[in-house]
Amino acid sequence: MNLKYQMIIQWSEEDNLYLVALPDFPGQQWSTHGKTYEEAAINGKEVLELMIESYAESNEPLPEPTVVNEVAA
């Protein structure tokens, strides 16, 4: 699956976990989490795949992914 959606992984002192956000999907503040950065990334990818499947099953169009066209020099 070609996943072009952004995933934000941020440490939370309050929760003592890495929180994962999928900002391209409306209404998704924090989608999942992990005890390690790697676990959070794996969980985020899983949630993203499930969201894409859910949109497909309900015949909803996927949101446009945020794409960066410039490479920083």
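Okay, let's start. What you see above is a predicted model. Keep that in mind throughout.

First, the overall layout. The protein chain has one helix and three strands. Along the sequence the pattern reads β-β-β-α. The C-alpha trace spans about 40 × 35 × 20 Å along its principal axes. There are 73 residues in the protein chain, and 27% of them count as buried. The exposed surface comes to about 5500 Å². Carbon and sulfur atoms supply 49% of that area. Now contacts. Take those with a separation of 6 or more: residues 24 or more positions apart account for 37% of them.

On to the sheet. In what order do the three strands sit? The order is β1-β2-β3, in an open sheet with antiparallel pairing. From one strand to the next, the twist averages 30°.

Let's go pair by pair. β1 covers residues 8-12, and five bridges link β1 to β2 in the antiparallel sense. Two positions to look at here. Ile8 stands opposite Ala21 in β2. Trp11 has Tyr18 of β2 as its bridge partner. The hairpin of β1 and β2 has four residues between the strands. In that hairpin, Asn16 takes a positive phi near 60°. Worth a click in your viewer.

Next pair. β3 is residues 32-34, and three bridges join β3 to β2, again antiparallel. Tyr18 turns up here too: Tyr18 stands opposite Gly34 in β3. So much for pairing partners.

Is β2 mostly covered or mostly open? Strand β2 runs over residues 17-21 and is mostly covered, with four of its five residues buried. Another general point: in a regular strand the side chains alternate between the two faces of the sheet.

Now the helix. α1 takes up residues 37-57. α1 lies across β1, β2 and β3. Relative to β3, the helix runs at about 155°.

Last topic, the core. Which residues make up the largest nonpolar core? There are eight: Tyr5, Leu22, Phe25, Val47, Leu48, Met51, Ile52 and Tyr55. Let me pick out two of these.

Met51 first. Set aside neighbours within four places in sequence. Met51 is then in contact with Leu22, Phe25 and Gln28. Leu22 and Phe25 are also members of that core.

Then Ile52. This residue is found in helix α1. Why does Ile52 count as buried? Its relative accessible area is 14%, and buried means under 20%, so Ile52 qualifies. One distance to finish. Ile52 and Pro63 are 11 residues apart along the chain, and their C-alpha atoms are separated by 9.7 Å.

To recap: an open sheet in the order β1-β2-β3, a helix lying across β1, β2 and β3, and a largest nonpolar core of eight residues. That's it from me.

Definitions and conventions. Residues numbered from 1 in each chain as written. Predicted model: local features only at pLDDT ≥ 70, side-chain atom pairs only at ≥ 80, totals over all residues. Heavy atoms only, no water. Buried < 20%, exposed > 50% of the residue type's maximum accessible area, 1.4 Å probe, protein only. Helix = DSSP H or I, 4+ residues; strand = E, 2+ residues; numbered from the N terminus. Pairing = 2+ DSSP bridges. Contact = heavy atoms within 4.5 Å. Areas by Shrake-Rupley, 256 points an atom, 1.4 Å probe, with all protein chains shown as cover. Core = buried A, V, L, I, M, F, W, Y, C linked by side-chain atoms within 4.5 Å. Axes fitted to C-alpha atoms, helices over the stretch in contact; angles between N-to-C directions.
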